[in-house]
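Let's take a friendly walk through a protein chain. Have a look at it first, and then read on.

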Amino acid sequence: MPLRPGQPIPWFTAPPPSNPEFAFDTVAGRYVLMLFLPQAPEPRLAALKVLSGHQGLFDEVNVCAFVVYGDPAMSAGLRDMRGLHWMHDASGA
């Protein structure tokens, strides 16, 4: 289902590795960036560069970001930080 910026997304469950009990609706009341990383390396690196350049905006209280990635090889170096959370979605569902 294609979504446009600012359009509400359906609730879902896809816990990040740091919190297996996580449910997406618990971030209600904040601005939330959902970034679905492209599979192709070049666009993926470009998206991550933009994200890192704005990381100071994600304070967890008012704004947070969730980065959804499909490549399991990425899991090795990722860890959640204040306001920035990673979610692996191998199936693309």
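## A residue and its surroundings

Setting aside neighbours within four places in sequence, Arg-44 is in contact (heavy atoms within 4.5 Å) with Leu-37, Pro-38, Gln-39, Asp-71 and Met-74. The model is predicted: local features need pLDDT of at least 70, side-chain atom pairs count only at pLDDT 80 or more, and totals for chains, interfaces and linings use all residues. Residues are numbered from 1 along each chain as its sequence is written, and side-chain values use heavy atoms, with hydrogens and water left out.

Arg-44 lies in helix H1; helices (H or I, at least four residues) and strands (E, at least two) are DSSP runs, numbered from the N terminus. Is Arg-44 buried or exposed? Arg-44 is buried, its relative accessible area being 13%. Buried means under 20% relative accessible area, exposed over 50%, and partly exposed in between (1.4 Å probe, protein chains only).

Now for the nonpolar core, a set of buried Ala, Val, Leu, Ile, Met, Phe, Trp, Tyr and Cys residues joined through side-chain atoms within 4.5 Å. The largest one has eleven residues, including Leu-37, Phe-58 and Met-74.

| Element | Residues |
|---|---|
| helix H1 | 41–53 |
| strand E2 | 63–69 |
| strand E3 | 84–88 |

E2 provides the largest share, three residues. Another core, of eight residues, lies apart from it, with Phe-22 and Met-87 among them.

Looking at the whole protein chain, there are one helix and three strands, running β-α-β-β from the N terminus on. Buried residues make up 26% of its 93 residues.
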